[in-house]
Amino acid sequence: ADVKIEDGPNQIQREDAKRRIIVGFNVKGRDVQSIVHDLQAKVATELHLPSGYYVTYGGAFENLNAAKQRLMLAVPISLLLIFLLLYFAFNSLRQGLLIYSAIPLSAIGGILFLALRGMPFSISAGVGFIALFGVAVLNGIVLIAEFNRIRQEGGEQDLHLVVLQGARVRLRPVLMTAFVASLGFLPMAMSNGAGAEVQRPLATVVIGGLLIATFLTLFVLPILYMTFEKGKSKMNAMSAKAILILIFISSVGWTKAQAQTPITLKASIDTALKYNLSVKAEVLKAKYHQLLIGTGHNLPATSIIAEVGKFNSDYNDTKFAITQSFSLPMVYKRQTNLLKQEAQSSFLNIALAENILEREVTRAYYHIVYLGRKEQLLQSTDSMYHVFLQRAKLRLKTGESNVLEQATAQAQLAQISMELASLKTDQEIAQIQFQLLLNTTEELTPKANDLKMPTTLSIDNTELEKHPYLLQMEQEQKVAAAAVSLERAKLLPEFSLGINNMSIRGQDANGGFNTEADRFNSVQSGINIPLLGGAQRALVQAAKNNETLAEVKYQSGVRTLKAQYEMAWLEYKKLSESVSSLENNSLPSAATIKKVANQQLFSGDINYLEWVMLINQSVAIQNQYLESLNQLNEANIKLQYINTQNK
């Protein structure tokens, strides 16, 4: 090329707020990638640009790199799908791998014909290889299916004869498959018109690959079939399926163990209420107190006495006595009532535990969401400073700046890295707490799209008396009153009844003689009066004091809960106004600061120190918004916990 400097019209082009000069050229007789590689080597050694200038390579080379990335994904997926279809067609891993051998055999022909025609590997050639693999595998399916059919029908059991007969029968279909595809691509392989640079590599790969693959398939595949089938134990279809199922289950299990499972807040609360161990403990405690109600009418143990000895005369006599003591029915009734009140208190403890658990699950759920949003902010900031660091290194290398700019970028990145590491630990701790509340080992991630909690709150606090905490304290008053009533009843006397049976050997009043067989019965009754009832009266006074204490605690709980709700409502209103102000004013300003700062830095209107200050200001506003949202959620959760009617 003859390069000259001449006067002419000038145009300043820009891209991404940077001036751009395009040097374009066409490629002929060579592939794009090798030309760009040579160009990059010469530019690196021979071209010295002013500070702030750099070279990028686009156009066909950029498209080539993007297409290669797509092929790196498309080719493995195609090969995997081909193998899966082969397995389901033959129910045999061994025969699937056998037919799979047609793929490298066909690749030999495609590569050979590209080399013979002097064509480099291109994206169209890669697409041709994908088409080639499918047709080559089809020929292998035709042959193997025929071999299996002959063996299943029992026509021939000798492998050599089976292969000869099957190849002879399927020679024509195999050749037809190969020649139809090859002849169909022949016009594309010989084309010279528009689009020929795309058509020729694709057709060359398909034609060359099919010619070589057909020849090798007819000779190599039968030999491999005999080698695989002779002298080896057969793997039946069921065993192959079992292997595939085990592989699938293992892969699914590994994926499930590694991946996080998304979950909604409602599902989290439902899971916690069902499986949380604290709630289960309260349920078991309530069942325990429920079973204790049956002990309300428990009588003292029956006394059975037996005596043998000379307690009437010189003769040995025997005596048997059965005695039972009991209190008045009022005592058992009041004792049962106390047990019922305690059981009811236990059931209210379940509702209180569930309410507390719901609060803690909601708090942990949105705390994880908050940490995730903070991680996104830090990662975004980290990306900006990485770009800034690269630019600082380039400016330092070209002598446009001193080492201070690079050191500042490195210090900022180090600070962000420390914050990300600390945040990662916080996320792990939050995840452990969340799993503990739900009593699960599965790693769960909130499905919430927004950090801000939905709310239906109101200032009305007239329903606070229905809060489980106050209901439980009110029930404690009933328990204390039942205890007072029981202790008073214990001041009443107790009674006892007994039956005696004994022998009185010796002379009776009529001059006769009583033997051991002559038995005498008697009945006794007694009353136990608490003459010294000072201790029991002290218990009554203690129970009364406990009743007064329960009443005071309830009144204090009501006032405290109402005051907490009013304070939480004021805090919620303050935070809500702060969040609204940040959303309407500060956040848009932060986005504008970030955008303009980046533009002015790259255009040279501000220096790096001013850029760092502006970016930090923008990040601080966004971080303040996240903190305010987190505090707003905390206030919201507290309000919902206090006033259950708002849920």
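How many salt bridges does a search of the whole structure find? The search turns up 10 of them, where a salt bridge means a side-chain nitrogen of Lys or Arg within 4 Å of a carboxyl oxygen of Asp or Glu. Keep in mind that this is a predicted model, so local features need pLDDT of at least 70, side-chain atom pairs count only at pLDDT 80 or more, and totals for chains, interfaces and linings use all residues. Residues are numbered from 1 along each chain as its sequence is written, and side-chain values use heavy atoms, with hydrogens and water left out.

**Salt bridges**
- Glu627 pairs with Lys374, with the closest N and O atoms 3.5 Å apart.
- Glu627 sits in helix 15 (residues 608–642) and Lys374 in helix 11 (residues 329–397), so this pair ties together parts 253 residues apart in sequence; helices are DSSP runs of H or I, at least four residues, and strands are E runs of at least two, numbered from the N terminus.
- Lys452 and Glu583 also form a salt bridge, at 3.0 Å from N to O.
- Lys452 is in the loop between strand 6 (444–446) and helix 13 (468–489) and Glu583 is in helix 14 (residues 534–603), so the link spans parts 131 residues apart in sequence.

**Burial of another pair**
- Glu487 and Lys490 meet in a salt bridge at 3.9 Å, N to O.
- Glu487 counts as buried at 15% relative accessibility, while Lys490 is partly exposed at 38%; buried means under 20% relative accessible area, exposed over 50%, and partly exposed in between (1.4 Å probe, protein chains only).
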